[in-house]
Amino acid sequence: MASSSILLSEEQFLCSICLDVFTEPQAPPLKRHKLIDPVENLEDRICKKHDRLLEMFCRTDQTCVCQLCTEAKHKTHDTVPIEEECRARKAQLGKTEAEVQQIINGRLKKVKKIRLSVDLSKRDAEREIAKSMQVFTALVCSIKKSQVELVQVIKEKQKAVQRQAEGIIKEVEQEITELKRRSNDLKQLSHTEDPFQLLQSFISLAYKRPPTKDWSEISVHSDLCVGTVWRAVSHLEETLNKEMEKLPGVKLKRIQQYAVDVTLDPDTANPWLILSEDRKQVRHGNTPQNLLDNPKKFDCHPFVLGKDGFSSGRFYYDVIVKGKTRWTLGVARESTDRKGIITLRPEDGLWTVSRRDENVYHNCSSTPVLLSLRKKPQKVGVFVDYEEGLVSFYDVEAKSHIYSFTGCTFTEKLFPFFGPSDNDDGQNSAPLIISPVNRTH
């Protein structure tokens with residue numbers, strides 16, 4: 001049997017680059033990671049002297065240079081040694097890793113912030129649950145007390161009805177007894193045969209009736225308890241409303257139904273104040289404006305009033321104070337002084353609260369009184385009940401009460417009052433913003 005042989009052409013023993021017979025043949029760099037058969041892959045072998053030449057990196061197509069690269073299509077491409085490109089790539093990897101790490105750190109901070117928000121929310125929820133429990137416990141106690149009182153009143157009413165009925169029955173029965181006796185006397189007289197006795201007794205028995213009452217309009221009322229129940233339910237409803245108003249946001253949501261559209265009155269604005277075109281914002285300017293004098297204008301203090309006044313009913317509006325370190329809000333009567341030094345107090349027709357740096361005050365005298373608030377308001381709600389003589393302020397975001405002026409006597413129009421204060425070297429440059437009321441907040 002003839003043995004098979006492999007016939008190799010002369011070209012298979014030539015270097016792919018110099019085209020000479022192999023000297024120290026070896027696989028090119030791209031092939032070194034493979035297991036190369038010394039016979040089957042002769043055409044993929046090159047001279048060892050070309051080894052460094054082929055360890056180049058083509059920056060154009062981002063691939064290693066093949067054994068024909070320097071002799072063919074990549075001849076004009078920008079190439080660098082692989083070691084240099086590796087260093088550049090490692091540097092890029094380091095930069096990318098730093099960027100990724102920065103993103104990771106940002107995400108970790110976000111997670112930490114979210115967890116902190118959850119913790120704060122949990123504490124707020126626990127606090128609100130505690131408040132709610134107090135309110136509902138008070139309601140349950142009130143209901144039980146009302147129930148006991150109602151049952152007692154109903155029983156007393158029923159006993160009174162029974163006593164009344166027993167008295168009426170006794171009196172009627174006495175009349176019945178007297179009438180029966182008279183009936184018997186009349187019957188016996190009608191059977192007498194003595195004319196003298198008949199005539200003598202007839203007048204007293206036949207014409208003189210015994211004293212009786214007209215019982216047609218007299219009755220016993222079985223529904224005497226209905227009024228009592230109604231009054232008890234009405235009292236319970238009143239108690240319920242008062243207790244419910246202690247729950248966060250309930251009272252605020254109720255009074256927000258009296259929201260009105262407030263705009264600023266430029267005729268009252270101090271010259272240092274700048275109003276927005278829509279008359280919904282006011283801030284302190286750097287220089288006074290050259291405006292004509294107006295008797296309605298505040299000349300010394302940076303104050304401005306709302307355009308419309310109110311002389312009855314209830315009204316409510318929201319003002320954003322976020323970003324401000326100083327502000328004053330409230331209501332002013334129409335006759336409030338606009339000229340010279342003004343004291344913020346009810347005696348001078350101003351019912352206001354103010355923030356001065358880190359503290360919030362109510363202004364009920366010449367010396368403002370510090371308010372103890374859990375946090376500084378970012379949006380303030382102002383509510384007025386004209387007939388009730390009430391001016392109240394609320395932290396809208398916290399749904400909490402700030403302060404109320406009560407027992408006031410209003411005899412003229414009240415106008416929304418705004419004081420953005422001075423710029424404080426840019427620390428207080430943010431405007432006061434009249435905000436639309438979100439009734440579903």
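Figure 1. The model is predicted, so local features need pLDDT of at least 70 and side-chain atom pairs count only at pLDDT 80 or more, while totals for chains, interfaces and linings use all residues. Residues are numbered from 1 along each chain as its sequence is written, and side-chain values use heavy atoms, with hydrogens and water left out. The side chain of Lys 296 meets that of Asp 265 in a salt bridge at 3.5 Å, N to O, where the term stands for a side-chain nitrogen of Lys or Arg within 4 Å of a carboxyl oxygen of Asp or Glu. Because Asp 265 lies in the loop between α5 (250–255) and β6 (273–275) and Lys 296 in the loop between β7 (281–284) and β8 (304–305), the pair ties together parts that are 31 residues apart in sequence; helices (H or I, at least four residues) and strands (E, at least two) are DSSP runs, numbered from the N terminus.

**Figure 2. Asp 265 and Lys 307.** Asp 265 is buried, at 3% relative accessibility, whereas Lys 307 is partly exposed, with a relative accessible area of 43%. The two form a salt bridge whose closest N and O atoms are 3.8 Å apart, and this pair links distant parts of the chain, with Lys 307 in the loop between β8 and β9 (314–320), 42 residues apart from Asp 265.

**Figure 3. Arg 326 and Asp 422.** In this salt bridge the closest N and O atoms are 3.9 Å apart. Arg 326 lies in strand β10 (residues 326–333) and Asp 422 in the loop between β17 (414–419) and β18 (432–435), so the pair ties together parts that are 96 residues apart in sequence. Both residues count as partly exposed, Arg 326 at 23% relative accessibility and Asp 422 at 33%.

**Figure 4. The aromatic pair of Tyr 317 and Phe 418.** Rings of Phe, Tyr and Trp (its six-membered ring) pair if their centres lie within 6.5 Å, and planes under 30 degrees apart count as stacked, over 60 as edge-to-face and the rest as tilted; by this rule the count comes to 10 aromatic pairs. Tyr 317 and Phe 418 have ring centres 5.9 Å apart and planes at 45°, so the pair is tilted. Tyr 317 sits in strand β9 and Phe 418 in strand β17, 101 residues apart.

Conventions: Buried means under 20% relative accessible area, exposed over 50%, partly exposed in between (1.4 Å probe, protein chains only).
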